[in-house]
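Notebook open, model loaded. I want to go through confidence, aromatic pairs and one of the helices.

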Amino acid sequence: MHGYDPAMDMEDEEFDAQTKARAASRSTWVSVAVNTTLSALQVVIGFVSGSSGLIADGIHSLSDLVADFLVLFVSAHSKAEADERHPYGHHRFENAASLALGLLLAGVGIGMLWNAVDKIEHHEAIGKVHVAALYVAGVALVAKEGLFRYMLAVAKRVKSGMLVANAWHARSDAASSLVVGCGIAGNLMGYPFLDPVAALLVGAMVLKMGWEFGWEALHDLMDQSADDDEVEAIRATILAAPGVRGCHDLRTRKMGDMLMVDVHIEIDAHITVEAGHTIVQKTEEVVRARHRVLGMMSHIDPWRPAT
């Protein structure tokens with residue numbers, strides 16, 4: 001699964017939740033427009049031309065449309081301020097939405113597989129599709145690849161794992177359109193069973209992606225930590241902060257696209273409590289500015305030079 005990349009974290013670039021929400025909304029509305037147009041075109045031409053593969057790809061585009069609205073819903077709710085019942089905010093809306101998206105895609109994939117298998121079993125009834133289906137598949141391939149590149153650029157700029165996932169979903173759509181195009185071409189060359197075979201492969205791709213989204217979201221809801229590279233990047237930022245002599249027991253857990261951090265920070269034993277507090281406070285500010293950290297719980301440990 002293509003999730004959050006620590007390389008998205010930029011030195012001294014403060015994370016802006018409002019900027020992220022606006023970018024998510026704008027890019028998702030672009031995706032809505034593309035997927036609405038493609039879904040209608042693919043399903044209509046699929047029925048007219050007799051291509052089950054193109055119809056399957058159209059249903060895939062329709063599921064993308066549902067996913068887009070899910071992203072818009074989450075963007076509107078996950079940025080809500082913390083309240084009495086949600087003292088850490090509402091960031092896990094993203095994790096819950098990713099789980100729902102995974103289940104949705106898995107259900108769509110199973111339905112597509114079932115329909116494709118039925119058509120393959122009765123392949124003798126499959127007729128030759130119209131060449132218009134091949135043209136539409138080509139248009140869909142170009143449009144979805146372009147959408148992927150646009151959405152991935154936006155996702156990396158605003159550091160959003162959910163948008164990265166949605167972008168790679170668009171890339172998988174481009175791959176499915178390529179498979180469907182090959183199936184339609186095979187049908188036109190005299191191998192009619194290749195069209196439902198293409199639909200079968202698309203269904204398998206959708207099911208696989210649904211499983212990956214759902215499984216990853218389930219782990220995030222169970223307080224999955226950040227990956228090792230990101231943890232080490234956070235550790236390096238802490239150790240580089242003025243006044244910090246060391247740190248240990250660094251733990252992270254995901255909160256939507258953000259992280260909660262727990263850490264023991266080692267400070268000179270002879271300085272005042274007030275000075276130690278200032279060091280830790282400034283360290284936390286630097287960590288939140290340079291990484292996707294929502295909150296940091298720091299325990300101060302006394303440090304003494306080795307004798």
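Predicted model: local features only at pLDDT ≥ 70, side-chain atom pairs only at ≥ 80, totals over all residues.

**Aromatic pairs.** How many aromatic pairs does a search of the whole structure find? I got 1. The partners are Trp 211 and Trp 215, with 5.4 Å from centre to centre and 10° between the planes. Planes under 30 degrees apart count as stacked, so I logged this pair as stacked.

Where do Trp 211 and Trp 215 sit relative to each other in helix 6? They are 4 residues apart there, which means a separation of about one helical turn. I looked up helix 6 as residues 194–221.

Is Trp 211 buried or exposed? I found Trp 211 exposed, at 57% relative accessible area. Trp 215 comes out as partly exposed, with 43%.

**Helix 3.** I checked the span of helix 3, residues 93–121. Its 29 residues reach 42 Å from first C-alpha to last, close to the expected 42 Å.

**Confidence.** I noted a chain average pLDDT of 80, with 85% of the residues scoring at least 70. Over residues 1–15 the pLDDT is below 50, yet I see 40 contacts for this stretch beyond near neighbours in sequence. By element, helix 7 (residues 228–240) has the highest mean pLDDT, 94, and helix 2 (residues 52–78) the lowest, 75.

Methods: Residues numbered from 1 in each chain as written. Heavy atoms only, no water. Phe/Tyr/Trp six-rings, centres within 6.5 Å; stacked < 30°, edge-to-face > 60°. Helix = DSSP H or I, 4+ residues; strand = E, 2+ residues; numbered from the N terminus. Buried < 20%, exposed > 50% of the residue type's maximum accessible area, 1.4 Å probe, protein only. Expected span 1.5 Å × (residues − 1). pLDDT = per-residue confidence, 0-100. Contact = heavy atoms within 4.5 Å.
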